[in-house]
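Welcome! Take a moment to turn the model around on your screen, and then let us walk through some of its features together.

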Amino acid sequence: MEDLQQLKVFGEVVARKSFTRAAVALGISKASVTKIVAQLEKGVGVRLLNRSTRSVTPTDAGQTLARRLVPLFGLLQELSTELSDFAAHPRGRLRVAAPHGLSLSQLGWQIEDFIADHPDVHVSIHLSNRDDDLVMGGIDVALRIGPIEARDVVVRKLRPVPLVLCASPRYWARRGMPSKPEDLALHDVLTYSLWDASSRLPFLVDGKTHYVPVRSRLDADDAAPLIALAVKGLGVTCVPEVLARAHLGSGALVPVLKDAMPQTIWLYATYAHRDHKSAALRAFLDFLTSSAGDSPAASLRQTLSD
């Protein structure tokens, strides 16, 4: 930016043929103009202006530079206008990271509505269950389910995500349904290692989260294989309800201990910077917040708070 300032000052001197008039136009002192032009000449290693007590004229090198500045400053002005448009109007590419299962359930209709409302925004969806570095990955906003460690990102809570403890009817018929959380110690469990690598399940006991050690037969950092294996009768799994909703609705999976499921899991939006967000990112965050506010869980929270 310092080089651009030097070029701008030089261009004003050439256009106005005077250090004094250039200083007035730029709103700085004549001494500052003289110093900046001298720094520019020192940097390029050639005299750019011929100075006399009555006039200032460009040298051959100065004329060459002055001619090149006209299209350069025109391009910079065009670029400045275009960048300002990014800040003022939702447009351009928006890179969104989301878990695999969420993209096939809740996120699908939300993206459809967002695209319909913002025709100048192109959404690129990156499916990943890993909490990757947003800046290194070029991600504008990441949707994540579960507890989250806010490191160098801004975190916005969107909506609670209920958990469901479930297994196939065949498994329950063979092993029996648990009547209390401690009964899970006697079952084969398929554990979700994305949030907790230890072999335990969370339950709500007397208003507090209580962990029950379990015998894990298999763990995964993606809910999809856990759900698929639970449907086949391999064991019990505890996953976000939204990811297993289709199998719960069909009866392929049967939930248990509904009242003991904790309410500590949330859907979050995370992004790297609080300031200077693009209009597209601001619009998407506002859209997610609005969608979360329209959710049944959010409506229930509002009713309870009233």
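## A network of charged side chains

Salt bridges link Arg175, Asp188, Arg215 and Arg217 into a network. Keep in mind that this is a predicted model. Across the whole structure, a search finds seven salt bridges. Three of them are set out here.

| Salt bridge | N to O distance |
|---|---|
| Arg175 and Asp188 | 2.9 Å |
| Arg215 and Asp188 | 2.5 Å |
| Lys180 and Asp183 | 3.0 Å |

Arg175 is partly exposed at 33%, and Arg215 is partly exposed at 47%. In the other pair, Asp183 is buried at 17%, while Lys180 is partly exposed at 41%.

## The sheet and its helices

Now look for the strands. Five of them make an open sheet with mixed pairing, in the order β11-β8-β12-β7-β13. At the edges are β11 (215-220) and β13 (254-256), each of which pairs on one side only. From one strand to the next, the twist averages 35 degrees.

Strand β7 (residues 163-167) pairs with β13 in the antiparallel sense, over three bridges. Within β13, Val254 is the bridge partner of Ala167. Helix α10 (residues 241-250) packs on the sheet, where it touches β7, β12 and β13. Helix α9 (residues 223-231) lies across β8, β11 and β12, and runs at about 160 degrees to β8.

## A helix with a buried side

Next, find helix α2, which covers residues 19-26. Its buried residues are Phe19, Ala22 and Ala23. Why are they on the same side of α2? They cover an arc of only 100 degrees around the axis, so they share one side of the helix.

At the start of α2, a side-chain oxygen of Ser18 comes to within 3.1 Å of the backbone nitrogen of Thr20. Following α2 is Gly27, with a positive phi near 75 degrees.

## One serine in a strand

Finally, visit Ser124 in strand β4 (residues 121-127). The side chains of Ser124 and Arg93 are joined by a polar contact of 2.6 Å.

Notes
Residues are numbered from 1 along each chain as its sequence is written. This is a predicted model: local features need pLDDT of at least 70, side-chain atom pairs count only at pLDDT 80 or more; totals for chains, interfaces and linings use all residues. Side-chain values use heavy atoms; hydrogens and water are left out. Buried means under 20% relative accessible area, exposed over 50%, partly exposed in between (1.4 Å probe, protein chains only). Helices (H or I, at least four residues) and strands (E, at least two) are DSSP runs, numbered from the N terminus. The arc is that of the directions from the helix axis to the C-beta atoms. A polar contact is a pair of N or O atoms within 3.5 Å; within protein, one must be able to donate a hydrogen and the other to accept it, and residues adjacent in sequence count only if both atoms are side-chain atoms. Two strands pair if DSSP finds at least two bridges between them. Axes are lines fitted to C-alpha atoms, for helices over the stretch in contact, and angles run from 0 to 180 degrees between N-to-C directions. Contact means heavy atoms within 4.5 Å. A salt bridge is a side-chain nitrogen of Lys or Arg within 4 Å of a carboxyl oxygen of Asp or Glu.
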